[in-house]
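Have the model open and follow along.

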Amino acid sequence: MATSRVRGGLRLNAHKERSTEHALRPATAVESLVLPLDQHAGAPAVPLVKRGDRVLRGQPLAGPGGAISAWLHSPVSGTISAIEPRPAPHRLGAPALSIVVSNDGRDERHAAPSPTGFEQMAPEQLRDAIDRGGIVGLGGAVFPTAAKLRSAAAATSLRLLLNGAECEPYISCDDMLMRERARDIVFGARVLLHALAAQSCVIAIEDDTVQAAASLEAALSEAHDERIRLRRVASIYPAGGEKQLITTIFGVEVPHDGLPANVGVACLNVGTAAAVAQWIRDAQPLTRRIVTVTGDGVREQRNLEVPLGTSLGALIYDCGGYTGRMARLIMGGSMMGQALPHDDMPVIKATNCVIAASAVDLQPRGPEMPCIRCGNCSVACPAMLLPQQLHWYAQARDLAALETHGLMDCIECGCCDYVCPSQIPLVERFRDMKPALAAQLAARTAADAARARFDARTGRLERIESERSAVLARKRQELAKKSS
Amino acid sequence: MLPALLTMVGLAAAAGLAAALAARRPAADEQRLVDEIDALLPQTQCGRCTFSGCRPYAAALARGEADINQCPPGGDATAAALARLLGREPQPVDPRFGLVPAQPAVAWIDESACIGCVKCIQACPVDAIVGASRFMHTVIAAQCTGCELCIPPCPVDCIVMRPAQA
C-alpha cells in the first residue's frame with residue numbers, strides 16, 4: 001500500500017505510546033454530571049426536562065434548538081439537580097447553561113425504540129434517525145453529523161472519507177478506538193454509506209499505527225464489504241486536517257470558500273462512525289466518548305471511556321491524580337489544544353484529550369523577536385499560506401491584504417509557530433485578526449444582499465408605474481374615441 | 001523621404017482613430033467607475049447623502065457632482081476608501097448629512113401598537129418589512145439595513161431602532 005503525505009507540515013514526536021500501553025477501560029462513575037447545552041456547533045439545545053425530573057440512561061434531555069443543532073441524552077440514570085450556567089471547557093472556563101444530572105448509580109436504561117435494519121430505511125429516514133442519536137463530529141469540530149450528511153447528500157458521486165489520521169501529538173483516543181472497536185467503525189461506515197447513498201469509503205490512518213491498521217484490516221475482511229478500503233498516510237502533522245487529508249487521499253483540493261461536498265467528499269472522524277454504529281445498531285445514543293488522559297503531570301497515562309459530563313478533575317483522580325510536576329491543564333493536543341484555568345469542568349462531546357502538562361511537555365518559549373523573513377513558516381504551512389506576510393499585515397491591521405493573502409484559510413495548526421526562530425506567536429495573531437475580517441466579509445455579503453433587494457424593488461416600482469401609465473393611456477384613448 | 005512621411009502620417013492617423021474610439025465609450029468607463037464606487041458603499045439605501053440610494057450617489061460621485069463625505073452609515077472608513085479610489089483628499093463624514101452610528105442598528109416594530117397601515121412597508125427600500133393592510137407588520141432583522149426610513153411615516157410611532165444582533 002502506497003503512503004501519501006501532506007504538503008508542508010512537521011514530523012513531530014507523537015508522545016502517543018505512553019497513553020496506549022494500557023487497554024481501554026470505562027471511567028469510574030461520578031455522582032454529578034454537567035452537560036452544557038451548547039457543546040456542539042450551531043444553535044444550543046433546548047432542555048426537555050426540568051429540575052427534579054427523574055431521567056434514565058439514554059433519555060433525551062434536550063432537543064435541537066435550530067436547523068443546525070443536536071440532541072443531548074442522559075449518560076446515567078438519576079435526577080436533574082439543576083439547569084444553570086456552569087464553567088464550560090469549550091468556553092475556556094466561562095459559564096454556559098448546563099443540565100446537571102445527579103447519578104443514582106442504578107444505571108437504569110431508557111426504553112429506546114427497538115432498532116430496525118438500517119438497510120431497510122430510506123437514506124433521508126436514516127439521516128433523521130442519526131440526528132436523534134445526538135451524534136456530532138468527534139474529531140474536534142463537533143458539527144452535528146445529521147446536518148453534515150444532509151448537506152453532503154445533495155452532491156453527486158459522493159465518496160466517504162473516514163478520518164483516522166490522528167496526527168496531533170499526545171492524542172491517542174482514535175488510535176485506541178481503531179484498535180479495540182474496529183468492527184464498530186466498519187459497521188458505522190456501512191451505515192454512513194447508506195445514509196449518503198455514496199459508492200465508496202476510504203478509511204485513512206497514519207502509517208505508524210500498526211495495531212490499529214491490523215485490527216481494521218481484520219474487521220474489514222470479516223465484513224466482506226469491498227466498498228470500504230484502508231489507506232495509509234505519512235505520519236506528519238497535520239496529515240489529519242480535513243482539507244489536507246482530502247488532498248492527500250483523493251488528489252483534489254477543497255475550494256477555499258467551499259466544503260468537501262463541493263469536490264464530492266464527505267469527511268467524518270472514525271469516532272463519529274463508531275458512535276453512529278452504536279446508536280443505529282445498539283440504540284446507544286452519544287453519551288460517552290473515549291478520552292486520552294496524558295502528560296507528565298498525571299500518574300497514569302491512558303485512554304478511558306468517559307460518560308459525558310464527568311468533571312476533568314474526577315477524570316484525573318481516576319488516573320491516579322496529578323504528579324508534583326503538573327504545570328498546566330490543556331484540553332486537546334499539544335499543538336492546537338487550549339489551556340484551561342481549572343479542572344472543575346465537564347468532559348464534553350469535543351473532549352478528545354486532556355493533557356496534564358509538566359515543564360517536560362511544554363515547549364519552552366523565549367521572548368518574541370522581530371521577524372527575520374527566513375520563510376521557514378511558509379515551508380511548514382500545510383494550507384499553502386505565507387505566514388510571514390500575514391504577520392506583516394496583521395500588525396498593520398490591513399484587512400484587505402489579509403483577505404487576499406487567505407487569512408480565513410489558516411487552519412490554526414501551529415506549524416508556523418513551531419518553526420519560527422524568532423518565537424513569534426503567529427497563530428495567536430491570526431486568531432486575533434480573524435473575527436475582524438469575518439465581520440467585514442459578513443458586512444459585504446449583507447451589503448450585496450441589500451443591493452440586490454434594493455434593485456429588485458426599484459425594478460418592481462418602475463414596472464408597476466409603467467404598467468399603470470400604459471393602462472391610463474389606453475383608457476384615455478378609449479374615452480376620446482367614445483366622445484368623438 | 002516619402003516612406004518616412006507615409007509612416008508618420010499613418011501612425012498619426014492610427015493614434016487619432018484610437019483616441020476617437022476611446023472617447024466614444026465614456027459611458028462604459030463611467031459605468032465601471034459607478035460599479036466600483038457602489039461596491040464601496042454600505043448599501044444602507046438611507047438617502048442621507050441627499051440622493052435616492054447608494055447607486056445614485058455613486059453615479060453623482062462618478063460625475064463629480066457629489067463629495068466623498070456624504071455617507072454617515074459608511075463612516076470614515078467608507079470616506080477614506082472613496083478618497084483612495086477617486087484620488088481625492090481624505091476627509092471625515094460631514095455631520096450635516098447625519099451622525100455616524102456608533103453600532104449597527106435595525107428597526108423593530110412594537111407589534112402590540114402596530115395598526116397595519118403599510119406605510120412603513122412602502123417606505124422600506126429593501127423590502128425588509130412583511131405584513132399586509134390591517135395586519136400586524138414585522139421587520140426581518142437579518143435584511144434590515146438600519147436606514148430609519150420607516151420611522152417618520154409611522155402614524156403611531158411604534159418603530160424604534162435597536163442594536164443589531166451579531
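Helices here are DSSP runs of H or I, at least four residues, numbered from the N terminus. On the helix 5 side of chain A, the contact uses A:Ala182, A:Arg183, A:Ile185 and A:Val186, and helix 6 of chain A brings A:Ser215, A:Leu216, A:Ala218, A:Ala219, A:Leu220 and A:Ala223; contact means C-beta atoms, placed from the backbone, within 7 Å. That set splits into eight nonpolar, one polar and one charged (Ala, Val, Leu, Ile, Met, Phe, Trp, Tyr, Cys and Pro are nonpolar, Asp, Glu, Lys and Arg charged, the others, Gly among them, polar).

Keep in mind that this is a predicted model, where local features need pLDDT of at least 70 and side-chain atom pairs pLDDT 80 or more, while totals for chains, interfaces and linings use all residues. Residues count from 1 along each chain as its sequence is written, and chains are lettered from A and ligands numbered from 1 in the order written.

Now for the second pair. Helix 4 (residues 173-180) of chain A packs on helix 8 (residues 270-282) of chain A at about 45°, axes 9 Å apart; axes are lines fitted to C-alpha atoms over the stretch in contact, with angles from 0 to 180 degrees between N-to-C directions. This crossing is left-handed. A:Asp174, A:Leu177 and A:Met178 of helix 4 of chain A meet A:Val270, A:Gly271 and A:Ala274 of helix 8 of chain A, giving four nonpolar, one polar and one charged.

Notes: Two residues are in contact if their C-beta atoms, placed from the backbone, lie within 7 Å. Helices (H or I, at least four residues) and strands (E, at least two) are DSSP runs, numbered from the N terminus. A crossing is left-handed if the near helix is turned anticlockwise from the far one by less than a right angle, and right-handed if clockwise.
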